[in-house]
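Let's learn to read a protein model together, one feature at a time. Ask whatever comes to mind as you look.

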Amino acid sequence: MKSHNPSRSARRPLALVATLALAAVLAAPVLAAGEEVVMYKDPNCGCCGKWAEHMRAAGFSVKEIKSTDMGAIKRAAGVPQALSSCHTAKVGGYFVEGHVPAADVKRLLAEKPKVAGISAPGMPQGSPGMEGPYPADRYDVVSLTADGKTQVFASH
């Protein structure tokens with residue numbers, strides 16, 4: 001006859017809670033990303049695909065759409081020329097222009113500031129998708145308000 005060990009039975013619910021907590025922590029990047037990123041890119045640009053890979057590695061779902069008229073995409077998204085980069089993404093009602101790190105996009109979606117979007121203007125060396133054998137640039141990710149004011153959102 002098997003003996004009943006009450007301390008063993010009491011540990012089972014605790015083990016289940018611990019397992020569920022671990023699963024929640026491991027799933028956090030996916031849950032934090034939440035919404036799909038729709039990225040518009042020139043069909044001939046390779047760095048844009050590398051940025052999409054960076055975003056996917058951070059838990060985002062990324063839909064890539066090729067366009068030969070990126071100027072029209074940027075104008076429709078409200079991206080001014082001064083903040084322009086090679087690709088334009090939309091997520092959570094915001095534009096994300098260029099090689100913005102995934103952590104900045106997650107912060108944008110978590111904080112929900114009253115801005116039109118964020119941008120890493122130009123193509124900073126060493127930014128996500130622009131890694132290489134050369135030294136990384138120091139660069140700012142800037143936010144843009146609906147009335148056209150910019151502010152530093154993050155520095156890298």
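**Reading the strands and helices**

Q: How many bridges join β1 to strand β3, and do the two run parallel or antiparallel?

A: Strand β3 (residues 88-91) is joined to β1 by three bridges, and the two run antiparallel. As a general idea, two strands count as paired if DSSP finds at least two bridges between them. One spot to look at is Tyr-40, which sits opposite Thr-88 in β3.

Q: What should I know about the model before going on?

A: It's a predicted model, where local features need pLDDT of at least 70 and side-chain atom pairs count only at pLDDT 80 or more, while totals for chains, interfaces and linings use all residues. Residues are numbered from 1 along each chain as its sequence is written, and side-chain values use heavy atoms, with hydrogens and water left out.

Q: How many helices and strands are there in the chain?

A: Both kinds of element are DSSP runs, numbered from the N terminus: helices are H or I with at least four residues, strands are E with at least two. Here you'll find four helices and seven strands.

Q: How many residues of strand β1 are buried?

A: Start with the cut-offs: buried means under 20% relative accessible area, exposed over 50%, and partly exposed in between, using a 1.4 Å probe and protein chains only. Five of the five residues of β1 (residues 37-41) are buried, so the strand is largely enclosed by the rest of the structure. Both of its faces are covered, with Val-37, Met-39 and Lys-41 on one side and Val-38 and Tyr-40 on the other. For the chain of 156 residues, the buried part is 38%.

Q: In what sense do β1 and strand β2 pair?

A: β1 and β2 (residues 62-66) pair in the parallel sense, over five bridges. Met-39, for one, has Glu-64 in β2 as its bridge partner. To get from β1 to β2 the chain passes through helix α2 (residues 47-57), in a right-handed β-α-β crossover. Right-handed means that, with the strands pointing away from you, the path from the first strand over the helix to the second runs clockwise.

Q: Which residues of helix α3 are buried?

A: In α3 (residues 70-77) they are Met-70, Ile-73, Lys-74 and Ala-77. They fall within an arc of 95° seen down the axis, so they line one face of the helix. The arc is that of the directions from the helix axis to the C-beta atoms. Turned away from that side are the exposed residues Arg-75 and Ala-76. The buried ones pack against β1, β3 and β4 (94-98), where contact means heavy atoms within 4.5 Å.

Q: How many residues lie between β6 and β7 in their hairpin?

A: There are five, and Gly-148 in the turn has a positive phi of about 90°. β6 (residues 140-144) and β7 are antiparallel and share five bridges. Val-142 is partnered with Val-152, and Ser-143 stands opposite Gln-151.
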